[in-house]
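Dear colleague,

I am passing a structure on to you, and I would be grateful if you could look through it with the notes that follow beside you.

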Amino acid sequence: MSDKIVIEKNGSIISETGPVQDVVVPQEGPEREKIVKRLKLKLDLRLVPYLGLLYLFNALDRGNIGNARLAGLEEGTHLVGNQFYNALSFFYFGYTISQIPNMFIMKKVTPAVLVGVTMVMWGICSTSMAGAKNYSGLAAARFFMGVFEAGVGPAAPIILSFFYLRHELAWRTALFYGSSTFAGAFGGLIAYGVATNLTHEKLAPWQLLFIIEGIPTIFLGFVTIFVLPNSPETLERWFVTPEERQVAVERSRSGHNTDSSVLDKRQLLASIKDVKNIFTCLIYIGLNIPLASYTSFLPTIVKLMGYKDAEAQLMTVPPYACAIVCVFAVCWNSDRTRRRGYHVAGSAAVACIGYILLISSDHIGANYTGACFVAMGLYPIIPLMLSWVANNNVGHTKRAVSIAMLNTFGQCFATVGTQIYKSPTAPRFFMGYGVCLAFTIVMIIFSLALVVYLKRENSRRDEEYGEPKLLTPEEQQEAIDNGIYDDHPSYRYFI
């Protein structure tokens, strides 16, 4: 077992038994740049892909019910009327109530333990849906899967903010959340393979689908407890050199990661009263209604375009493939330009084009193109919003609660998205497409309004206090202790 690591004020790394190594790292110059470059490469090759793998299974288990529907789920569980739509909603009920508690649990235990244990539990819930005999069993499994899946999504941006600077977050968050688009593509391919190639004398295709996608999640959850890095201070000696670890700690502290309290009530209240968090919650509400409906109903929508069940499973792949490209491109440019709001509004505008195509035409080609545009517009907004919130909130508790608030409000309204594609409105789904278009426009309005608000606040601070200075870790901690947080005169918001 490794020594407990302690970082002294002078930056030296020591353990409980004494100094690990006398490390002297230059604060600037080519040598430090080389160390930073090596460190970021190691993190990019280990931390980001692994978090992406976790979220791939998160999204795969969450969305596979849409594919299972085409494979006979409704007939196998004797669902009638609106019971399928209600079962979808139960997931979001569970997801919503566990957001903020999970953030405090992560501070009490470790990110690896929280993420690993919740993965094991939601994997069990996902696999158990194969044994559902009726609506009650399916709804219960979906509810508890939502409770446990809330441990990964909100925790990942917090973990990434420990290791990366503000202008490095969107691209890495995109690599993490982009895996949800991979999940959409893989989910369609797996469902197609199950439907066309697998048979079992006792298990239906929809049951095989839940088992095949649920069991690997359980295994990966156990692995995560031992391999997921928790913080720069605890990076293993085999993974980084002492110089790289010290640079990682210094970068983390320069990114306003200096407080260590499990629950700071002042930060909790500050995050709730923060005007910009209200704006981001409204934007995320606008995102989650169309997003929840898209992931759950795309297979059904594609089938009603004229494709058969197995073909419909396969034809869900291209829209997600288009979305993957857009997620990476948009978020890379967002980090390059250090702009978030304009990219959110632009992506939402692309989704609007998709919904207009779906509403205005009954031609299969136009409808399918519209479905692709919707995916290309919606999915980049997820990492953009999470990195935007992480960028603009100082203090562990404030940042964690702000992200949890974002997800809580978003998932509350995601239940609306599960109820707007009713069978009587098929195949045109005017109500569903219209509601999604309206909330996509809401995203554009509030994201641009937040840009204006943050630009004015930055300009006010420039005029009143002059150019911002880089705060030392001690000055950052003093600002947090005094309840100033991101209202500090030297703090400037990402817009």
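How are α8 and α18 oriented to each other? Before the answer, please note that this is a predicted model, in which local features need pLDDT of at least 70 and side-chain atom pairs count only at pLDDT 80 or more, while totals for chains, interfaces and linings use all residues. Residues are numbered from 1 along each chain as its sequence is written, and side-chain values use heavy atoms, with hydrogens and water left out.

Helix α8 (residues 169-177) and helix α18 (residues 381-391) pack at an angle of about 135°, and their axes lie 8 Å apart; α8 and α18 are therefore oblique to each other (angles under 35 degrees count as roughly parallel, over 145 as roughly antiparallel, 65 to 115 as roughly perpendicular and the rest as oblique). Helices here are DSSP runs (H or I, at least four residues), numbered from the N terminus, and the angles run from 0 to 180 degrees between N-to-C directions of axes fitted to C-alpha atoms over the stretch in contact. In α8, Leu169, Ala170, Thr173, Ala174 and Tyr177 meet Ile382, Pro383, Leu386, Ser387, Ala390 and Asn391 of α18, where contact means heavy atoms within 4.5 Å.

Two other helices have a buried side. In helix α4 (residues 99-108), the buried residues are Gln99, Asn102, Met103 and Met106 (buried means under 20% relative accessible area, exposed over 50% and partly exposed in between, with a 1.4 Å probe and protein chains only). These cover an arc of only 105° around the axis, which puts them on the same side of α4, the arc being that of the directions from the helix axis to the C-beta atoms. Among the elements that cover the buried residues of α4 are α3 (83-97) and α19 (396-417).

In helix α12 (residues 265-273), Gln267, Ala270 and Ser271 are buried, and they lie on the same side of α12 because they cover an arc of only 100° around the axis. The face turned away from that buried side carries the exposed residues Lys265 and Lys273.

Finally, two loop residues deserve a look. Arginine 338, in the loop between α15 (317-337) and α16 (341-360), has a positive phi of about 60° although it is not a glycine, and it is partly exposed, with a relative accessible area of 42%. Phenylalanine 429, found in the loop between α19 and α20 (430-465), has a positive phi of about 50°, but this residue is buried, with a relative accessible area of 3%.
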